[in-house]
Amino acid sequence: MRLLLRSGRIIDPSQQLDDQMDLLIEGRIIAGLGKDLTRAGEESDLTILELEGKLVVPGLIDMHTHLREPGFEYKETVRTGSLAAAAGGFTSIACMPNTDPVNDNRSVTEFILRKARQCGVVNVYPVAAVSKGSEGAVITEFADLRDAGAVAFSDDGKSVMNSGLTRRALEYAHTLGMPVISHCEDMDLAAGGAANEGVVATRLGLRGIPNIAEDLMVGRDIAIAEYTGTAVHIAHVSTAGAVELIREAKRRGVKVTAEAAPHHFTLTDEALKNYDTNAKVNPPLRTLADVNAVKEGLKDGSLDAIASDHAPHSTLEKDVEFDYAASGMIGLETSLALGLRLVEEGVLSLNQLVAKMSTNPARILKIQKGTLKVGADADVTVIDPDEQWTVDTRTFQSLSKNTPFNGWRLRGRAIFTIVGGDIKYRAR
C-alpha cells in the first residue's frame, strides 16, 4: 500500500520539524517527507489523504495503560483496549502487569503479545512486574522477561516498599538497558485513604491520603537512583512536592524521568464533591496548587511525558460506596483532547505536547517509535485540532465507561490512526 498524506502541518520533535508538508508511506515504512511529493505523476496505486489544516504527528504513545487481560476480561481486553487506543490516536501502548495472574513470568508476557498480534490494531508493549506477584518480596527474572518481550518493569498499583529490592531492581534493569517505572506511594501513610487529605476529604467524611505519601517515596527512589547511578521513571506524578523533587534531581544530573496523567492536570479533588466514584483514582486528585505545579512541571520539562493511566473498571467496582469503590478511570479516548487544553491555555506548545505524548515516551521505553524520519515505521497520528466534540462513553471502544469527563465538551481529536502503514482508525 502506498499512502500520501498531503499538505498537513507536520510536527515532529525528533527532527525539530513544524511545517506544512507531504508525507509518503510505502508499505510499513515512511518513504518520503517534503513539499509536493509525487504531484507530477501520481500513480494509480497511490491513496491520497488531503490534510490541509490538520496536524500530522508521530504516532502517539501511551506508556501507562491497564488492559486487564488476562484475568479481568469483563473490564477490558487486549483487543478492546487496542481499539480504544486507536480511537484516541495512539499507535503504541504499554500495559501494566497487574493482571491475574500477574505478568511476572514469560508465559504471561508472551500471552499478551500473542493477543496483540491476533487483534492487530496497535503496538502493545508489556510492562512486567518488578517482584513476583507484585508482592514486593522477591525480584522477578528480568532477563527472561526482557527476552519474552517486556519493555520495562513496574509493580504499578503497588509501591515497592522494600528499599533493598528497589535498589536491586534499578541495578538489574540498568544492566539490561531497561527502565523501572515506580509507583510512588508510602503504603503505611496511604492505608485506608480514599481521597486527597485536605478540606474536601474532611467535608465529605473520607479518610485522606496525604501528599507526603507520594513525596517520601519519590524522594527515596530518586536517592537510590542517584546513589547507584541508575535511572528511574516516576509514574503519575500528582503533588507539588514530587514535581519539585524531580526538578531538583534533574538539576543535579540524576537520571530520573516522570509522567503526568491528564486527570492530574485537569481536575482537583473538588470533582469528588458528589461522591463521584469515577473521579476516585490512585494517586488521588489533589488541590489546585498541585494541579498548577503539575502543569508547571510539564511546561519546564521536569515532567517528561503525558500518560493516561487508563484504568478500566466495571459498574461492579464503581457503583458502590465511595470507600469501597476501585480507584482508576479510563483515559485512552480523552487524553489527546485534554492534552490539547494545555496548548489552548499556553502551558505547552504543540511541539512540546507531541514530544510528551510520542517522542519522549519512545525514548524512555527505548522503543524505535516516536518519529517521522524517512525509513522509520509508518506509525502516524492525524489530528483535527479544531473539531469540537462531546464525550459520550456510549460511543467508546473501551469495555468500561468509568470517566468523570462524560458529557464534557472538548476540542481536538484524532481523525486517522495509522499503524505500520495501515489505517487502523478513521473518524469518518
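Me: Is Asp 377 buried, partly exposed or exposed, and how do I read such a word?

Reply: The word rests on relative accessible area, computed with a 1.4 Å probe on protein chains only: buried means under 20%, exposed means over 50%, and partly exposed is in between. Asp 377 has a relative accessibility of 31%, so Asp 377 counts as partly exposed. Please keep in mind that this is a predicted model, in which local features need pLDDT of at least 70 and side-chain atom pairs count only at pLDDT 80 or more, while totals for chains, interfaces and linings use all residues. Residues are numbered from 1 along each chain as its sequence is written, and side-chain values use heavy atoms, with hydrogens and water left out.

Me: Which residue does the side chain of Asp 377 meet in a salt bridge?

Reply: In general, a salt bridge is a side-chain nitrogen of Lys or Arg within 4 Å of a carboxyl oxygen of Asp or Glu. Here the partner of Asp 377 is Lys 369, with 2.8 Å from N to O. Lys 369 counts as buried because its relative accessible area is 16%.

Me: How many salt bridges are found in the whole structure, and which residues are linked in a network of them?

Reply: The search finds 25 salt bridges, and one network links Arg 2, Glu 26 and Asp 45.

Me: Where in the chain are Arg 106 and Asp 144, whose side chains meet in a salt bridge?

Reply: Their N and O atoms are 3.0 Å apart in this salt bridge. Arg 106 belongs to helix H2 (residues 106-119) and Asp 144 to helix H3 (residues 142-148), which places the two residues 38 apart in distant parts of the chain. Arg 106 has 28% relative accessibility and so counts as partly exposed, and Asp 144 counts as partly exposed at 34%.

Me: How many residues does helix H8 have, and what does it reach from its first C-alpha to its last?

Reply: The expected span of a helix is 1.5 Å times one less than its number of residues. Helix H8 (residues 240-251) has twelve residues and reaches 17 Å, close to the expected 16 Å. The buried residues in H8 are Ala 242, Val 243, Ile 246, Arg 247 and Ala 249. Seen down the axis of H8, these buried residues fall within an arc of 165 degrees, and so they line one face of the helix; the arc is that of the directions from the helix axis to the C-beta atoms. Their cover, judged by contact (heavy atoms within 4.5 Å), includes helix H7 (211-228), strand S13 (231-234), strand S14 (255-260) and helix H10 (288-300). Just after H8 comes Gly 253, with a positive phi of about 90 degrees.

Me: What is the order of the strands in the open sheet that contains S13 and S14?

Reply: Two strands pair if DSSP finds at least two bridges between them. This open sheet has four strands in the order S10-S13-S14-S15, with parallel pairing. Strand S10 (181-182) and strand S15 (305-306) stand at the edges with a single partner strand each, so one side of each is left without a neighbour in the sheet. S13 and S14 pair in the parallel sense over four bridges, and Val 232 stands opposite Val 256 in S14.

Me: Which strand is joined to S6 by four bridges?

Reply: Strand S6 (residues 60-65), in which six of six residues are buried, is joined to strand S7 (residues 90-95), and the two run parallel. The bridge partner of Ile 61 in S7 is Ser 92. Together with helix H1 (residues 78-87), S6 and S7 make a right-handed β-α-β unit; right-handed means that, with the strands pointing away from the viewer, the path from the first strand over the helix to the second runs clockwise.

Me: In which sense do strands S17 and S18 pair, parallel or antiparallel?

Reply: Strand S17 (residues 409-419) and strand S18 (residues 422-426) pair in the antiparallel sense over four bridges. They form a hairpin with two residues between them, and Gly 420 in the turn has a positive phi of about 55 degrees.
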